[in-house]
Amino acid sequence: MKKFHLVLAVLLAALAGCLGALAADRWSNDDAEDSLHQFVHDELSLTADQEERLDALEARFAVEQARLEASARAANAQLAQAMETEHEYGPEVSAAIDEVHARMGELQKATVRHVFDMREILDPDQQLQFDRKVSAALTRDPRD
């Protein structure tokens, strides 16, 4: 019976990791963020001052993003450990899931703050184009 529990624990840990990775990918939506950055740099005809300010924003955000992504990965590891320990949807698994959601939420909030920080750099015409691009990115079907 111990061998069965070990195999089950490994499978549950792998499942938790996969679910966490899928959830993080869905919430962080790096492709949309990269696409937005590319749009701002390539299509909004930024001034040299805007480019400089945007580069500074992006450098600061990269540090924060890396920290928050590491925190989310750590929360996923805690979830895997809780699943391995409990072998059921118990209080440790539930608490670990809440922690994963909290870390993903912090990453999403930081990303939205960064988007608004980027918007502040733009002139009113650029903001209008930017707003349309952000809205399209947030409402598109990720399967497309």
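Me: Is Glu99 buried, partly exposed or exposed?
Reply: Glu99 is partly exposed, as its relative accessible area is 31%. Buried means under 20% relative accessible area, exposed over 50%, and partly exposed in between, with a 1.4 Å probe and protein chains only. The model is predicted: local features need pLDDT of at least 70, side-chain atom pairs count only at pLDDT 80 or more, and totals for chains, interfaces and linings use all residues. Residues are numbered from 1 along each chain as its sequence is written, and side-chain values use heavy atoms, with hydrogens and water left out.

Me: What does Glu99 form with Arg103?
Reply: Glu99 forms a salt bridge with Arg103, with the closest N and O atoms 2.3 Å apart. A salt bridge here is a side-chain nitrogen of Lys or Arg within 4 Å of a carboxyl oxygen of Asp or Glu. Glu99 and Arg103 are separated by about one helical turn, because they are four residues apart in helix α4. An α-helix has 3.6 residues a turn, so residues three or four places apart point the same way.

Me: How many salt bridges are there in the whole structure?
Reply: A search of the whole structure finds five. One of the salt bridges joins Glu64 to Arg113, with the closest N and O atoms 3.7 Å apart. Glu64 is in helix α3 and Arg113 in helix α4, so this pair ties together parts that are 49 residues apart in sequence. Glu64 counts as partly exposed at 26% relative accessibility, and Arg113 is partly exposed with a relative accessible area of 44%.

Me: Which residue meets Arg119 in a salt bridge?
Reply: Asp131 does, at 2.7 Å from N to O. Arg119 lies in helix α4 and Asp131 in helix α5 (residues 124–139), so the pair ties together parts that are 12 residues apart in sequence. Arg119 counts as partly exposed at 24% relative accessibility, and Asp131 counts as partly exposed at 29%.

Me: Changing topic, how many helices and strands does the protein have?
Reply: The secondary structure comes to five helices and zero strands, and the elements run α-α-α-α-α from the N terminus on. Helices (H or I, at least four residues) and strands (E, at least two) are DSSP runs, numbered from the N terminus. Of the 144 residues in the protein, 33% are buried.

Me: At what angle do α3 and α4 pack?
Reply: Helix α3 (residues 48–86) and helix α4 (residues 91–121) pack at about 170°, and their axes are 8 Å apart. That makes α3 roughly antiparallel to α4, a term for angles over 145 degrees. Axes are lines fitted to C-alpha atoms, for helices over the stretch in contact, and angles run from 0 to 180 degrees between N-to-C directions.

Me: And what is the contact of α3 with α4 by class?
Reply: The contact has 18 nonpolar, eight polar and 11 charged residues. Ala, Val, Leu, Ile, Met, Phe, Trp, Tyr, Cys and Pro count as nonpolar, Asp, Glu, Lys and Arg as charged, and the others, Gly among them, as polar.

Me: How far apart are Asp49 and Ile121?
Reply: Asp49 and Ile121 are 9.1 Å apart in space, C-alpha to C-alpha, and 72 residues apart in sequence. Asp49 is found in helix α3 and counts as partly exposed at 45% relative accessibility.

Me: Which residue follows α3?
Reply: His87 follows α3, and its phi is positive, near 60°.

Terms used
Parallel < 35°, antiparallel > 145°, perpendicular 65-115°, else oblique.
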